[in-house]
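Please look over the model below before reading on.

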Amino acid sequence: MVLVTAPELRTARRLAKSALAARLAACINLIPKVESHYHWHGKIEQASEVLMLLKTNSSRLVGLERLILSEHPYVTPEFIVLHVKRGNKRYLRWWQQCVS
C-alpha cells in the first residue's frame with residue numbers, strides 16, 4: 001500500500017489512470033479534501049489535498065515510484081510504503097493478480 005498526496009482531484013485522477021494503465025497498481029482510492037499541515041522551507045504550511053491509497057506489490061514499487069515522481073507536479077511528492085500484513089485472502093489474491 002502506497003500513500004501519495006496530490007494537490008487536487010484532477011491531478012490525482014491523472015496519476016491514478018497512468019498507474020493503472022501501466023499495471024503498477026491494482027486499485028487506487030482517492031480521498032479528497034484532506035487537510036495537510038507540514039513544514040516547508042522553514043515555514044509551517046497548510047493545504048487542501050487528495051490522499052491517494054495505491055495498492056501494489058513489492059515488484060512494482062520501483063516502477064510506481066518512478067511514475068509518481070516523473071508525473072507529479074510537486075517538487076517533493078509524498079511516496080510512503082506501508083506493508084500489508086493481513087487481509088481477506090480473495091481480495092489479496094485479486095490484488096496480486098492485477099499487478100502480476
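Predicted model: local features only at pLDDT ≥ 70, side-chain atom pairs only at ≥ 80, totals over all residues.

1. Residues are numbered from 1 along each chain as its sequence is written, and side-chain values use heavy atoms, with hydrogens and water left out.

2. Four strands form an open sheet in the order 2-3-1-4, with antiparallel pairing. Strands are DSSP runs of E, at least two residues, and helices runs of H or I, at least four, numbered from the N terminus; two strands pair if DSSP finds at least two bridges between them. Strand 2 and strand 4 (80–81) each have a single partner strand, so one side of each lacks a neighbour in the sheet.

3. Strand 1 (residues 2–6) and strand 3 run antiparallel and are joined by five bridges. In this pair Val2 stands opposite Leu54.

4. The largest pocket holds about 250 Å³ of space. A pocket is an open set of points on a 1 Å grid over the protein atoms alone, where a 1.4 Å probe fits, with protein on both sides within 12 Å along at least five of seven lines; lining residues have an atom within 4 Å of a point. Volume is the space filled by probe spheres set on the points. Among the lining residues are Tyr38, His39 and Trp40. Strand 2 gives the largest share of the lining, three residues.

5. The second largest pocket holds about 160 Å³. Helix 3 (residues 89–98) supplies the largest share of its lining, three residues.
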